[in-house]
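The points are grouped by topic.

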Amino acid sequence: MRLKSKASNYLQIYLMLFPSLLIFAVLSVYPIMWALKYVFYEYNGYTNPKFVGLDNFIRAFTRDPLFINALKNTFIYVGGKIVIILPLAFILAIFLNKKTKIHGALQALIFSPTIISSAVMSLVFYLMLNAYNGEVNRLLLKLGLVDSPVNWLGSKYAMLSTVIVSVWAGLGNYMVYFLAGLQSIPDEIYESGAIDGVNSFQKLIYITIPMLGPMLKVILMLALITAFQDMSNILVLTGGGPFGKTNVMSLYVYSLYFPVNASDTATFMPQYGYGAAVSVISACIVGFITVIYLKISNKLDDIY
Amino acid sequence: MRLRQVCINFIKWIFIGIILIFTVYPILYTLLGSFKTNWELTSGGNFFPKKWMFSNYTQAYIQSNFLKYSINSILISGTSMFIALLTSSMAGYVFARHTFPGKKIIVSAYLAMMFISLGAVSIYPVYILFHKIGLTKSFLGLAIALTGSQATNVFLTVGFVRSIPVSMDEAAYLEGCSYMKIFYKIIIPLIRPILGVIALFAFRYAWNDYLIGLIMTISNPDLMPITVAVVQLKYSMNAAAEWHIMLAGASLAIVPILVLYIFTNKQFISGLTVGAVKG
């Protein structure tokens, strides 16, 4: 009797788990298995896959200037985005950390870009940043900040524009993360600080920032991981161009898989095996950086 | 001292003002620009349109077929939201309340996959697979692909279910309720707040996606969601002459979600940190 009910219970459990497991298997596990197989093959979707061993990995590091370029660009992009977005979001959070109607409305407005499609807005930015009749140059000229129109998507400023657009799209998220961190600091600490007579600058340096420590670690890690994965905004804004100046690794892999859709590529045949290898390399780099970062930040915790 | 305070306040509000313009201006430019003529857009005009060209929208709807793509987007995002709610609530409940053979392996696999991303590489095999079994012929395939494995939402639900006293389940079990009945009679009503957040986020994710929609509809452009259709205008023949259509299309893609945001901004903002703090 008991055994029977147990079996029927398990059946119910697995039935309820089944839809989730099925999607997980198809959308998460299967593609990774597929990629791990094809990293060892040369495969373009038309001819039979050819086993090449580790040659795809060797090719990436020794014979592929496009990969090295994408690697370099990725670090510029990720570094630039984090260096701009985190301080801005932090200052905003400090300024807007009050529970009044106005502060709430300002938070909601600044958060609004994160709600809408960044691909669609990248198309709008593509128009706004147009060198000849874009809105950004027009405003800058009117305000007298530049003398002649700037070619924002040309080779000199394309990366800067890309970073700024991604800061636009993500700023609200990080502001909210920092606000959550600030609100988790108990008021008593500030009160005891006030009794000791600290001014607002000391309050920031000696109370807020140290208390934010653990949260800051999580936020920085989130920022790192998402910045490495950013791609559709870059794909729409610049397509990796001009001359590969904004071609980051996620986009390079995409162009190896879907050469027709990417506008700035050197190859015209898909290279599924090599693309899989590049994406595995970049996943390893992200993993490696995360581990090192966690090690370093734990060391810092020991020191404090 | 008084003067310094005034100065600090002044700098503070200047800073907030600049950021506010930086964040909101592009959205206003899109919305207002969608009513301007192409000439007014490219040659520069006022902030507000000289004449409100509602015809941009009729042109976008009829000529560029955006009505169809909007409907596609609604169907795709709605289906994806439904699948997300169904899978993550059931899985979350099971993980939170029951032990069963294989649980440890499954949970750690879910956790591991949250941190591994292969970008475009993981979409291609799924596309080929769905193509083979005919799922790319309807919007269902795209909706499933957009739902993803829901690992984050599953763990959100786990956290929420754990906050409900187990005694409620036990009482119902003793009354003869099956696990499934306990799930939809007791758990579902109690975890509604988190289901709301999951629904909002799933809907927004599916609505805003570009890449998965682009790839999954390669062989069947009739199924394109609106985001993909709008961005395709950039690559069309007379892109230079169609700024007003692009902005009308962009507005069609962002206004529904902005309207949703006006009513639910509290959930959107707090939902973000629920995930961040726990995850």
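Two residues are in contact if their C-beta atoms, placed from the backbone, lie within 7 Å. On that basis, 75% of the contacts in chain B between residues at least 6 apart in sequence join residues at least 24 apart. The model is predicted.

**Chain A**

- Chain A contains 12 helices and two strands, and its order along the sequence is α-β-β-α-α-α-α-α-α-α-α-α-α-α.
- The radius of gyration of chain A is 24 Å, whereas the globule rule gives 19 Å for 304 residues; the value is well over the rule, so chain A is more spread out than a compact globule.
- The C-alpha trace of chain A spans about 85 × 75 × 40 Å along its principal axes.
- Of the 304 residues in chain A, 41% are buried.
- Among contacts in chain A with a separation of 6 or more, 66% are between residues 24 or more positions apart.

**Chain B**

- Chain B has 14 helices and zero strands, which gives the pattern α-α-α-α-α-α-α-α-α-α-α-α-α-α along the sequence.
- For the 279 residues of chain B the globule rule gives 19 Å; the radius of gyration is 24 Å, well over that figure, so this chain is more spread out than a compact globule.
- Along its principal axes, the C-alpha trace of chain B covers about 75 × 70 × 35 Å.
- Buried residues account for 43% of the 279 residues of chain B.

**Contact between the chains**

- Chain A contributes 67 residues to the contact and chain B contributes 72 residues.
- On the side of chain A that touches chain B, helix α1 (residues 2–38) of chain A gives the most, with 18 residues.
- That side of chain A comprises 50 nonpolar, 15 polar and two charged residues.
- A:Val120 touches several residues of chain B, namely B:Thr227, B:Val230, B:Val231, B:Ala250, B:Ala253 and B:Ile254, leaving aside residues up to four places away in sequence.

- In helix α5 (residues 118–128) of chain A, 11 of the 11 residues are buried, so the helix is largely enclosed by the rest of the structure.
- The buried residues of α5(A) include A:Val120 and A:Val124, together with A:Ser118, A:Ser122, A:Phe125 and A:Tyr126.

**Helix α10 of chain B**

- Helix α10 (residues 179–190) of chain B has 12 residues and should span 16 Å at 1.5 Å a residue; its end C-alpha atoms are 15 Å apart, which agrees.
- B:Tyr179, B:Ile182, B:Phe183 and B:Ile187 are the buried residues of α10(B).
- Seen down the helix axis, the buried residues of α10(B) fall within an arc of 100°, so they line one face of the helix.
- An α-helix has 3.6 residues a turn, so residues three or four places apart point the same way.
- On the face of α10(B) turned away from the buried side are the exposed residues B:Tyr184, B:Lys185 and B:Pro189.

**Individual residues**

- A:Phe75 belongs to helix α3 (residues 65–96) of chain A and is partly exposed, with 14 other C-beta atoms within 10 Å.
- A:Phe75 and A:Ala227 are separated by 152 residues in sequence, and their C-alpha atoms are 9.6 Å apart in space.
- A:Phe243 is located in the loop between α10 (232–237) and α11 (249–257) of chain A; although it is not a glycine, A:Phe243 has a positive phi of about 55°.
- A:Phe243 is exposed because 12 other C-beta atoms lie within 10 Å, and a residue with 12 or fewer counts as exposed.
- B:Asn65 sits in the loop between α3 (55–62) and α4 (66–97) of chain B, and its phi is near 65°, a positive value in a residue other than glycine.
- B:Asn65 counts as partly exposed, with 14 C-beta neighbours inside 10 Å.

Methods
Residues numbered from 1 in each chain as written. Chains lettered and ligands numbered in written order. Predicted model: local features only at pLDDT ≥ 70, side-chain atom pairs only at ≥ 80, totals over all residues. Helix = DSSP H or I, 4+ residues; strand = E, 2+ residues; numbered from the N terminus. Nonpolar A, V, L, I, M, F, W, Y, C, P; charged D, E, K, R; others polar. Expected span 1.5 Å × (residues − 1). Buried ≥ 20, exposed ≤ 12 C-beta atoms within 10 Å, placed from the backbone. Arc of directions from axis to C-beta. Rg over C-alpha atoms; globule rule 2.2 N^0.38 Å.
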